[in-house]
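Here is a short report on one protein chain. Please read it beside the sequence and the coordinates.

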Amino acid sequence: MSSYVHTSSLEPEANFTYFVERGTRPNGRALPAVRPLSIEVRPLDKSDGLAGSAMATLGATRVLGTVSLQIGTPNVFAPREGDLLVKLSLAPFDGGPGGGGANAEQRQRAEEATVTGEAIQGCLLDAGSVGLEDLCIDE
């Protein structure tokens, strides 16, 4: 079923009310309907240098997460701490139809990925979900 927007997108509350009153979403799916969720563990081969990977699928949306490990020299100013780097890539990964030339949209997506990765990294560290001391193998 195709999307149908009753009112101008400049009237978000009226648009929202229109769909809530009809009990459907703009894509035609009923409001209480849920999309299928699946999680696949290790969809990528460990021989690619990855410590682990997972693919989560919610309806037509897919998210691939990977973890890799790298041993490095400790920071002189924080010898008891390891390091955490969150790198995010946003699809399409192939640069779209016709190849991989970096156009303005691709550069914007790359910048969004960098900023989002840095935000996720900050959240993990600020919440104490990952302790840099726990990432240190040896002093």
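## Model and confidence

This is a predicted model. The mean pLDDT of the protein chain is 81. A value of 70 or more is reached by 84% of the residues.

The highest mean is in E1, at 93. The lowest is in E3, at 86. Residues 94–99 stay under 50 in pLDDT. For this stretch the model has five contacts beyond four places in sequence. Where pLDDT is low, the predicted coordinates should not be read in detail.

## Overall layout

The protein chain has two helices and three strands. Along the sequence they follow the pattern α-β-β-β-α.

The chain has 139 residues, and buried residues make up 12% of them. Take the contacts between residues at least 6 apart in sequence: 33% of these join residues at least 24 apart.

## The sheet

Three strands form an open sheet, in the order E1-E2-E3, with antiparallel pairing. Strand E1 (37–41) and strand E3 (61–67) are the edge strands, each pairing on one side only. Neighbouring strands are turned by 15 degrees against each other on average, direction ignored.

How many bridges join E1 to E2? There are five, and the two strands run antiparallel. Strand E2 covers residues 52–58 and pairs with E3 over seven bridges, also in the antiparallel sense.

Gly-52 stands opposite Val-67 in E3. Met-55 in E2 stands opposite Glu-40. The bridge partner of Met-55 in E3 is Leu-64. E2 and E3 form a hairpin with two residues between them. Gly-59, in the turn, has a positive phi of about 65 degrees.

## A residue in E2: Ala-56

Ala-56 has its place in strand E2. Is Ala-56 buried or partly exposed? Its relative accessible area is 29%, so Ala-56 counts as partly exposed: the cut-off for buried is under 20%, and exposed starts over 50%.

Beyond its neighbours within four places in sequence, Ala-56 contacts Ser-38, Ile-39, Thr-61, Arg-62 and Val-63. Strand E1 spans 37–41 and strand E3 spans 61–67. The C-alpha atoms of Ala-56 and Leu-37 are separated by 7.4 Å, though the two residues lie 19 residues apart along the chain.

## Side-chain pairs

The structure holds one aromatic pair. Tyr-18 and Phe-19 form this pair, which is edge-to-face, at 5.0 Å centre to centre and with 85 degrees between the planes. The label edge-to-face applies because planes over 60 degrees apart fall in that class. Both Tyr-18 and Phe-19 are buried.

A search of the whole structure finds one salt bridge. The side chains of Glu-21 and Arg-22 meet in it, at 3.8 Å from N to O. Where do the two partners stand in accessibility? Glu-21 is exposed, because its relative accessible area is 60%. Arg-22 has a relative accessible area of 46%, so Arg-22 is partly exposed.

Notes. Residues numbered from 1 in each chain as written. Predicted model: local features only at pLDDT ≥ 70, side-chain atom pairs only at ≥ 80, totals over all residues. Heavy atoms only, no water. Pairing = 2+ DSSP bridges. Helix = DSSP H or I, 4+ residues; strand = E, 2+ residues; numbered from the N terminus. Axes fitted to C-alpha atoms, helices over the stretch in contact; angles between N-to-C directions. pLDDT = per-residue confidence, 0-100. Contact = heavy atoms within 4.5 Å. Buried < 20%, exposed > 50% of the residue type's maximum accessible area, 1.4 Å probe, protein only. Phe/Tyr/Trp six-rings, centres within 6.5 Å; stacked < 30°, edge-to-face > 60°. Salt bridge = Lys/Arg side-chain N within 4 Å of Asp/Glu carboxyl O.
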